[in-house]
Amino acid sequence: MKTILVTGAAGFIGSNTTTALLARGDTVVGVDNLNDYYDPARKESNLREIRDSARAAERFVFERADIRDQGAMEALFAEHRFDAVVHLAAMAGVRASIEDPELYLDVNLSGTLQLLQAAQRHGQPVFVFASTSSVYGETNVMPFVETDRADRPLAPYPASKRAAELLGHSFHHLFGQDFTALRFFTVYGPRGRPDMMAYKVLDNIFHGREVPLYNGGQMHRDWTYVDDIVQGIVAAADTPLGYEVINLGRGEPTLLADFVKLIEAQAGRPSKLVNTPMLAADIAYTYADISRAQELLGYAPTVSVNEGVEQFWHWYQAAVLKS
């Protein structure tokens with residue numbers, strides 16, 4: 001069994017990844033600063049669920065710390081011998097990054113630098129980095145393929161992620177650091193963030209909160225259930241590849257308007273979203289070529305959009321409506 005550092009362990013993908021690693025018998029050191037990008041109570045709830053999972057008490061260590069804190073990161077690596085680093089901590093969201101680009105670059109790039117430096121000084125464990133399909137920008141290459149240039153991001157968030165990918169390459173070139181950048185396509189599912197579309201639609205239905213429906217819902221997204229993303233993350237943590245960039249999606253784009261209808265069908269109620277023009281930082285289509293993930297990681301997404309929306313609805317009922 002392995003000892004794995006998971007940054008952003010209290011968040012959406014981080015908490016699900018931590019649960020999966022613990023379930024297979026690994027020891028997980030989780031790091032999160034529990035910032036207020038969204039209600040920290042949601043992250044605290046995620047941590048309680050992790051701690052309540054089978055045998056987690058002896059194999060889950062949580063440290064409240066900021067990845068930009070060099071001293072804190074150095075202390076973590078000095079105390080633990082990590083087999084892999086799963087770096088999921090970040091300031092997320094294309095639209096929010098436009099309002100505060102300094103913060104996004106500081107956390108997403110400088111924070112990654114602190115972790116890479118600590119890894120380089122302490123045994124160079126496999127380094128898995130959470131990137132984003134947004135790095136492709138307004139590409140004409142369909143489906144999105146990793147060999148695309150991806151050098152014209154449309155907002156600070158993808159720019160910070162692409163910069164961190166390149167930083168990882170420099171550490172691979174100079175020090176032999178294994179670095180796998182996973183470009184996530186639109187992830188949804190249990191423990192999702194309140195600022196994500198699936199969560200916001202249900203909040204609109206049950207709490208009347210205004211939610212923009214960009215371009216009237218005429219935008220395709222490669223909706224990918226979180227368990228499938230976690231499958232790819234865990235495989236990457238187990239697989240030294242040198243330097244690689246790999247798409248993780250479902251490979252089946254779905255129209256946003258149709259995705260909303262699936263949520264409404266589960267809830268048994270209509271939403272009342274506000275038709276809003278597509279933002280300059282948005283793109284109309286995302287579509288993952290997942291052949292590299294299949295070849296290198298044995299990646300095989302299994303959860304259909306219909307099944308995923310149903311599972312998300314069950315979680316929302318239990319975790320949000322009944323809380």
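## The sheet

Seven strands, ordered β3-β2-β1-β4-β5-β6-β11, make up an open sheet with parallel pairing. The strands β3 (60-64) and β11 (243-248) are at the edges with a single partner strand each, so one side of each has no neighbour in the sheet. From one strand to the next, the twist averages 20°. The model described here is predicted.

Some of the pairings can be followed strand by strand. β1 pairs with β4 (residues 84-87) in the parallel sense over 4 bridges, and I4 stands opposite A84 of β4. A84 in turn stands opposite V126 in β5, where 4 bridges join the parallel strands β4 and β5. Between β5 and β6, which also run parallel, there are 6 bridges; here F129 stands opposite A181 in β6.

## Strand β5

β5 is mostly covered, with 7 of its 7 residues buried. On one side are V126, V128, A130 and T132, and on the other are F127, F129 and S131; both faces are covered.

β5 also belongs to a right-handed β-α-β unit, together with α7 and β6. The loop between β5 (126-132) and α7 (156-175) contains P143.

## Residue T7 in β1

T7 is part of strand β1 (residues 3-7). T7 counts as buried because its relative accessibility is 0%, and the cut-off for buried is under 20%.

The side chain of T7 has a polar atom 3.0 Å from the backbone nitrogen of A89. With neighbours within four places in sequence left aside, T7 is in contact with V31, I67, V86, H87, L88, A89 and L115.

Helix α1 (residues 12-23) has 12 residues, and the distance from its first C-alpha to its last is 17 Å, close to the expected 16 Å. α1 lies across β1, β2 (27-32), β3, β4 and β6 (179-184), and it runs at about 170° to β1. Helix α9 (residues 226-237) packs on the sheet as well, touching β4, β5, β6 and β11, and its direction makes about 175° with that of β6.

How many of the 12 residues of α1 are buried? The count is 9, and the helix is mostly covered. The buried residues are F12, I13, G14, S15, N16, T17, T18, L21 and L22. After α1 comes G25, with a positive phi near 105°.

## Backbone exceptions

Most residues other than glycine have a negative phi, and most peptide bonds are trans.

The peptide bond from M142 to P143 is cis, and its omega is near -10°.

Q124 is a residue other than glycine with a positive phi, near 50°. Q124 sits in the loop between α6 (101-121) and β5. R191 is not a glycine either, and its phi is positive at about 70°. R191 is in the loop between β7 (187-188) and α8 (197-207).

Which of the words buried or partly exposed applies to Q124? Q124 is partly exposed, because its relative accessible area is 28%, which lies between the limits of 20% and 50%. R191 has a relative accessible area of 8%, so R191 is buried.

Technical notes
Residues are numbered from 1 along each chain as its sequence is written. This is a predicted model: local features need pLDDT of at least 70, side-chain atom pairs count only at pLDDT 80 or more; totals for chains, interfaces and linings use all residues. Side-chain values use heavy atoms; hydrogens and water are left out. Helices (H or I, at least four residues) and strands (E, at least two) are DSSP runs, numbered from the N terminus. Buried means under 20% relative accessible area, exposed over 50%, partly exposed in between (1.4 Å probe, protein chains only). The expected span of a helix is 1.5 Å times one less than its number of residues. A polar contact is a pair of N or O atoms within 3.5 Å; within protein, one must be able to donate a hydrogen and the other to accept it, and residues adjacent in sequence count only if both atoms are side-chain atoms. Contact means heavy atoms within 4.5 Å. Two strands pair if DSSP finds at least two bridges between them. Axes are lines fitted to C-alpha atoms, for helices over the stretch in contact, and angles run from 0 to 180 degrees between N-to-C directions. A crossover is right-handed if, with the strands pointing away from the viewer, the path from the first strand over the helix to the second runs clockwise.
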